[in-house]
Amino acid sequence: MTKCFEFKLQLPEKTIKTFVYSDTGKDIESRFPNHKVSNIKEIPDPLKDVAETGWKPKEKYAYK
């Protein structure tokens, strides 16, 4: 079962907080080999409601 993991990713110009999906969370650092990854923790899926309801952004906010 795929889970959601939040972490800090150090990019050359700044550090961001983001998330990815992973079965175990042990492969996250290897996905970003040239960047420092820290504070990895499992979180509830922030997009779960979107997937379940089929919600779509309003036309003016959608990327084309």
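Residues are numbered from 1 along each chain as its sequence is written, and side-chain values use heavy atoms, with hydrogens and water left out. Because the model is predicted, local features need pLDDT of at least 70 and side-chain atom pairs count only at pLDDT 80 or more, whereas totals for chains, interfaces and linings use all residues.

Strand β1 (residues 3-10) and strand β2 (residues 15-22) pair in the antiparallel sense over eight bridges. Strands are DSSP runs of E of at least two residues, and helices are runs of H or I of at least four, both numbered from the N terminus; two strands pair if DSSP finds at least two bridges between them. A hairpin through four residues joins β1 to β2, and Lys 3 stands opposite Ser 22 in β2.

The largest nonpolar core consists of six residues, Phe 5, Phe 7, Leu 9, Val 20, Ile 28 and Val 37. Strand β1 supplies the largest share of this core, three residues. Such a core is a set of buried Ala, Val, Leu, Ile, Met, Phe, Trp, Tyr and Cys residues joined through side-chain atoms within 4.5 Å; buried means under 20% relative accessible area, exposed over 50%, and partly exposed in between (1.4 Å probe, protein chains only). Not counting residues up to four places away in sequence, Leu 9 has contacts (heavy atoms within 4.5 Å) that include Ile 16, Phe 32 and Val 37.

Two salt bridges are found, each defined as a side-chain nitrogen of Lys or Arg within 4 Å of a carboxyl oxygen of Asp or Glu. In one, the side chains of Glu 6 and Lys 41 meet at 3.7 Å, N to O. Glu 6 lies in strand β1 and Lys 41 in strand β3, so this pair ties together parts that are 35 residues apart in sequence. Glu 6 is buried at 18% relative accessible area, whereas Lys 41 is partly exposed at 46%. The side chains of Arg 31 and Asp 27 also form a salt bridge, at 3.0 Å, N to O; Arg 31 is partly exposed at 38%, as is Asp 27 at 29%.

On the surface, Tyr 21, Leu 47 and Val 50 form a nonpolar patch with about 230 Å² of accessible area together. Patches are made of residues with over 30% relative accessible area and no salt bridge, with like charges joined within 9 Å and nonpolar side chains (Val, Leu, Ile, Met, Phe, Trp, Tyr) within 5 Å. Accessible areas come from the Shrake-Rupley method with a 1.4 Å probe, and for residues only the protein chains shown count as cover. Leu 47 lies in the loop between β3 (36-43) and α2 (48-53) and is partly exposed at 42% relative accessibility.
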